[in-house]
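Let's take a walk through this one together.

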Amino acid sequence: MKRVITFGTFDVFHVGHVNILERAAALGDHLIVGISSDQLNFSKKQRYPIYNQQDRTKIISSLKYVNEVFLEESLELKLEYIRKYKADILVMGDDWEGRFDWVKSECEVIYLPRTPSISTTEIIEVVKQQ
């Protein structure tokens, strides 16, 4: 059984999120998703997500492609999460290209193209301007 792991904030859920999770799931038999905690998101982006971590976890857990969900508390723990969940493949968006090559001794790393012309940041900006 191939186990695939991916990470993200998954705030203001959109079709780009569905696309990457669907493609990640197709690479194996079991998809594990690490969702950035509210605190981790704040430390990365200097703002809290629109949806809190409980709501984002519930949304991602409800998807048919996703088998397991956990809260990612720290970017520095990627390798520990990969080991804990016995992942064979790490999937990240291609905006992270090369940034996780350092875990290749532990698992395969695949960077998938992002869905063009959609991002949570863009959606938030559009809503603010309305």
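Let's start at Pro 49: leaving aside its neighbours within four places in sequence, Pro 49 is in contact with Thr 9, Asp 11, Asp 38, Asn 41 and Arg 56. Keep in mind that what you're looking at is a predicted model. Where does Pro 49 sit? You'll find it in the loop between H2 and helix H3, the latter covering residues 53-61. Is Pro 49 buried or exposed? Its relative accessible area is 10%, and the cut-off for buried is under 20%, so Pro 49 counts as buried. Now look back along the chain to Ser 37, which is 12 residues away from Pro 49. The C-alpha atoms of Pro 49 and Ser 37 are 9.1 Å apart.

One of the contacts of Pro 49 is Asn 41, so let's hop over there. Asn 41 belongs to helix H2, which spans residues 38-45. With a relative accessible area of 0%, Asn 41 is buried. Not counting residues up to four places away in sequence, Asn 41 touches Thr 9, Gln 46, Arg 47, Tyr 48 and Pro 49. Thr 9 turns up in the contacts of Pro 49 and in those of Asn 41.

Time to zoom out. The protein chain has five helices and five strands, and from the N terminus on they come in the order β-α-β-α-α-β-α-β-β-α. Of the 130 residues in the chain, 45% are buried. If you take the contacts between residues at least 6 apart in sequence, 63% of them join residues at least 24 apart.

How are the strands arranged? They form an open sheet of five, in the order E3-E2-E1-E4-E5, with parallel pairing. At the edges are strand E3 (68-72) and strand E5 (108-112), each of which pairs on one side only. Neighbouring strands in this sheet are turned against each other by 25 degrees on average, direction ignored. Helix H1, residues 15-25, packs on the sheet and touches strand E1 (3-8), strand E2 (30-36), E4 and E5. The direction of H1 makes about 145 degrees with that of E2. Together, E1, H1 and E2 make a right-handed β-α-β unit.

Six bridges join E1 to E2 in parallel, with Ile 5 standing opposite Ile 32. E2 also pairs with E3, again in the parallel sense, over five bridges; here the partner of Ile 32 in E3 is Glu 68. Which way do the residues of E2 point? His 30, Ile 32, Gly 34 and Ser 36 point one way, while Leu 31, Val 33 and Ile 35 point the other way, and all are buried. Since seven of the seven residues of E2 are buried, the strand is largely enclosed by the rest of the structure.

At 15% relative accessibility, His 30 counts as buried. Beyond residues up to four places away in sequence, His 30 touches Met 1, Lys 2, Arg 3, Val 4, Asn 67 and Glu 68.

Finally, cross to another part of the sheet, where five bridges join strand E4 (residues 89-93) to E5 in parallel. There, Ile 89 has Glu 108 of E5 as its bridge partner.

Note on methods: Residues numbered from 1 in each chain as written. Predicted model: local features only at pLDDT ≥ 70, side-chain atom pairs only at ≥ 80, totals over all residues. Heavy atoms only, no water. Helix = DSSP H or I, 4+ residues; strand = E, 2+ residues; numbered from the N terminus. Buried < 20%, exposed > 50% of the residue type's maximum accessible area, 1.4 Å probe, protein only. Contact = heavy atoms within 4.5 Å. Pairing = 2+ DSSP bridges. Axes fitted to C-alpha atoms, helices over the stretch in contact; angles between N-to-C directions. Right-handed = clockwise from strand over helix to strand, strands pointing away.
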